[in-house]
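Hello,

Here is the structure I said I would pass on.

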Amino acid sequence: DGCGHTVLGPESGTLASINYPQTSPNSTVCEWEIRVKPGQQVQLKFGDFDIDDSDSCHSSYLRVHNGIGPTRTEIGKYCGFGFQMDGLITSKSNEVTVQFMSGTHTSGRGFLAAYSTTDKSDLITCLDNASHFSEPEFNKYCPAGCVIPFADVSGTIPHGYRDSSSLCMAGVHAGVVSNTLGGQINVVISKGIPYYEGSLANNVTSKAGPLSTSLFTFKTSGCYGTLGMESGVIPDSQITASSVLEWSDQTGQVNIWKPENARLKRVGPPWAAFISDDHQWLQIDLNKEKRITGIITTGSTLAEYYYYVSAYRILYSDDAQKWTVYREPGMDKDKIFQGNTELYQEVRNNFIPPVIARFFRINPLKWHQKIAMKVELLGCQFSIGRVPKITTPPPPQNKNGEKNDDLSDDFIHSVKTSLQTDKTTFTPEIKNTTVTPSVTKDVALAAVLVPVLVMVFTTLILILVCAWHWRNRKKKSEGTYDLPYWDRAGWWKGMKQFLPTKSAEHEETPVRYSSSEISHLRPREVPTVLQTESAEYAQPLVGGIVGTLHQRSTFKPEEGKEASYADLDPYNSPIQEVYHAYAEPLPITGPEYATPIIMDMSSHPSTPLGVPSISTFKAAGNQAPPLVGTHNKLLSRTDSTSSAQVLYDTPKGQLGPGATDELVYQVPQSTAHSTGSKDE
């Protein structure tokens, strides 16, 4: 009376103490006898072990024996809370006895163990989940009997299962392994998803689960495609039934729930049997033999008709005459499949091993109100490979050249036996129409080259864009330490179109003063040079255009009502507020206004003796008579703190202090006459 969950398969199984994982009751006992194929050994692995050891394994313990019956020998006796048993317990024969004794105790969950033959070296238990393994991909062997009520599964195929799910129980749910046989699983770990759906499959209910860091899926043969019920590949004429529900509604309209209505996800009524008994069936003709790996069913899917099938059998045939009921290997009873629990939910059941047949029948055994269902079959194409031809060599001859009849007969018999053996043991070639064809070398190469080329072109585009932006920024930054923008060629011509129109006589040509060049010229040539050279100083911005300040400007900003260039209008334009660009603020210790430019020409060989310097600024006290076409006066301020002797320009015909033979000063561009000397 101490036996709990128990499934003993021919190659593997699972056993647990009563009431596991809750505390086992007092004074109970259970004994399991395990047998595998002769010539093999049994290995035992514990997933959980928690047995009271307060009396040193006297009344509560687990004992393992080699063999069965009176001749058995003890392998070991075990007890302890949270006992961790490393490795496996291996028998010496194909038979093992496991005995559990529970005495008087107040705590202890008992145990859960799995067993298999020793050739399954990667055996795990039903309690192992994906978080117990660090590899991104691994193979493990699941024992039979892992559909247990105390393990959880979250997720479904093809999206994957939450990492906290039992690996083996999820394998049963996915249809990878059988609960009664166990089997090998190939697990792949990947990144988790925010939500895991729940579903019912292979008598395992998967629950909805929240976000997890990782999930796992299974690698399979891929033979799980739909066979044509939903898509219509299977025509209506190939779907038949034992009976059809037919009735008239209140409006007098006749309703017939035909067999062809039994297509999964098809809108409308399902197939329903006219008689509700366990002799009804729905038959599907696949037109040729197929490899059938599973079935999906639903109820009526009509809210007003709450009909569904809750249990059924599967029958299959090659000729629709002789039928075989599906059974699991090694079982002597028909397999009863769990059906729907309500009319909407899709329930999946897998066939392990698959069914190879052309005709497929569903025989409902239990239902709700009436037999009604919609169906889809899962699987792939199936074809048998041809047996290679065997060329029989000529029979051996004796020395006289005659055939040896005895040897010939024996040889032919041997060849026939070999051929017959090949036919019966030949593994059929499985072809799956739902699996993506294998990728060729060219496709694999293209799959590598295409991303590389895309990355290269993307990189080139980014480089070009960055170069373009850098070039624009460089253009914007040009001139910071160069000539002002308005000093460049062509700027003043472009600005003229924005300035007020003025007469020719008012145009003024700026003058560039260069002491090095003037010193090499004769005094009479100076006026001509001054008229042709461009100005070194920035011209005042007029016409209401506000320029930016620059370090080469030598104009003083307007201050109150003081006379300045802002008070004069050289272009006879209406009086308006004019802003000038002027120099950066001078140091506090320096003069307030720009220092007059003094050119020392006394040291030049061509300069007459006694001429100390020439300046283009006129003293405020010496008002020069106005020149023709000139509307502005030259105002000058000198630094009162300067100690240098300054000679200011004077108009022609007047002698100033220290005057020389030739004195020149700025001449407007519009003046047509040339400046003469006193000799003229």
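The second largest pocket lies between domain 2 (130–218) and domain 3 (225–381), because both domains give residues to its lining. Please keep in mind that this is a predicted model. The volume of this pocket is about 610 Å³. Its lining is made up of 29 residues, and T156, I157, P158, H159 and R348 are the ones nearest the centre. Strand 12 (160–162), strand 14 (199–201), strand 16 (214–218), strand 26 (347–368) and strand 27 (372–381) each contribute two or more residues to the lining. Sorted by class, the lining has 14 nonpolar, 9 polar and 6 charged residues.

On salt bridges, the structure holds 16.

- K37 and E11 meet through their side chains at 3.8 Å, N to O. They sit 26 residues apart, K37 in the loop between strand 3 (28–35) and strand 4 (42–50) and E11 in the loop between strand 1 (3–8) and strand 2 (12–17). K37 is partly exposed at 46% relative accessible area, and E11 is partly exposed at 27%. Both belong to a network of salt bridges that also links D119 and K120.
- R109 pairs with D48, with the closest N and O atoms 2.9 Å apart. R109 is in the loop between strand 8 (95–102) and strand 9 (110–117), and D48, 61 residues away, is in strand 4. R109 is partly exposed at 31% relative accessibility, whereas D48 is buried, with a relative accessible area of 15%.
- E33 pairs with R35, with 4.0 Å between the closest N and O atoms. E33 is partly exposed at 38%, and R35 is partly exposed at 47%.

Regards

Definitions and conventions:
Residues are numbered from 1 along each chain as its sequence is written. This is a predicted model: local features need pLDDT of at least 70, side-chain atom pairs count only at pLDDT 80 or more; totals for chains, interfaces and linings use all residues. Side-chain values use heavy atoms; hydrogens and water are left out. On a 1 Å grid over the protein atoms alone, a cavity is a set of points where a 1.4 Å probe fits but cannot get out, and a pocket is an open set with protein on both sides within 12 Å along at least five of seven lines; lining residues have an atom within 4 Å of a point. Grid points are joined across faces, edges and corners, and a volume is the space filled by probe spheres set on the points. Helices (H or I, at least four residues) and strands (E, at least two) are DSSP runs, numbered from the N terminus. Ala, Val, Leu, Ile, Met, Phe, Trp, Tyr, Cys and Pro count as nonpolar, Asp, Glu, Lys and Arg as charged, and the others, Gly among them, as polar. Domain bounds come from an automatic or database domain assignment. Buried means under 20% relative accessible area, exposed over 50%, partly exposed in between (1.4 Å probe, protein chains only).
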